[in-house]
Amino acid sequence: MAKKIKFPLEMAQGKLVRGLEGFRTYFDLERAVAYFCNGKLQKWLENTYNDDILMGLETLTGQEGDFVERFTDILGVDHT
C-alpha cells in the first residue's frame, strides 16, 4: 500500500487544516465548495482516512438544488 501524502487545506482566516476537527472549526463554505469542484477536498478526505464522508460526497454532482444543505450535512458543519 502506498503511503498517503497528507496536505493541509487553507480555510477561514487563512488557517491551514490537516484534520477533520480543524476543517470543521475553520470551515469556509466558499473554499470548501471550490476544493470539492476541483477534487482537492475528495483527495484530502481520502488521505486523512475519512472514507465515510468521501462516499457521501461522491453522491453529489454540485448541480443539486439543495447542494449546500446536502454538502454541509455530509461534512457535519453548519452552513448558516
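Which residues of helix α5 (residues 67-75) are buried?

Tutor: The model is a predicted one, in which local features need pLDDT of at least 70 and side-chain atom pairs count only at pLDDT 80 or more, while totals for chains, interfaces and linings use all residues. Residues are numbered from 1 along each chain as its sequence is written, and side-chain values use heavy atoms, with hydrogens and water left out.

The buried residues of α5 are Phe67, Phe71, Thr72 and Leu75. Here, buried means under 20% relative accessible area, exposed over 50%, and partly exposed in between, with a 1.4 Å probe and protein chains only. Helices (H or I, at least four residues) and strands (E, at least two) are DSSP runs, numbered from the N terminus. Viewed down the axis of α5, the buried residues fall within an arc of 115°, so they line one face of the helix; the arc is that of the directions from the helix axis to the C-beta atoms.

These buried residues pack against four helices, namely α1 (20-25), α2 (29-38), α3 (40-47) and α4 (51-57), where contact means heavy atoms within 4.5 Å. Asp73 also belongs to α5, but with 62% relative accessibility Asp73 counts as exposed. From C-alpha to C-alpha, Asp73 and Lys43 are 19 Å apart in space, and in sequence they are 30 residues apart. After α5 comes Gly76, with a positive phi near 75°.

Two packed helices are described by the angle between their axes and the distance between the axes. The axes of α2 and α5 come within 12 Å and cross at roughly 90°; axes are lines fitted to C-alpha atoms, for helices over the stretch in contact, and angles run from 0 to 180 degrees between N-to-C directions. The two helices α2 and α5 are therefore roughly perpendicular to each other, given that angles under 35 degrees count as roughly parallel, over 145 as roughly antiparallel, 65 to 115 as roughly perpendicular and the rest as oblique. On the α2 side, the contact is made by Leu29, Ala32, Val33 and Phe36, and on the α5 side by Phe67, Val68, Phe71 and Thr72. By class, this contact has seven nonpolar residues, one polar and no charged ones. Ala, Val, Leu, Ile, Met, Phe, Trp, Tyr, Cys and Pro count as nonpolar, Asp, Glu, Lys and Arg as charged, and the others, Gly among them, as polar.

Helix α2 also meets α3: their axes come within 4 Å and cross at roughly 90°. Residues Ala32, Tyr35, Phe36 and Asn38 of α2 make this contact with Lys40, Leu41 and Gln42 of α3, which gives four nonpolar, two polar and one charged residues by class.

Buried residues make up 36% of its 80 residues. Of the contacts in the protein chain with a separation of 6 or more, 46% are between residues 24 or more positions apart. The C-alpha atoms fill a box of roughly 40 × 30 × 20 Å along the principal axes.
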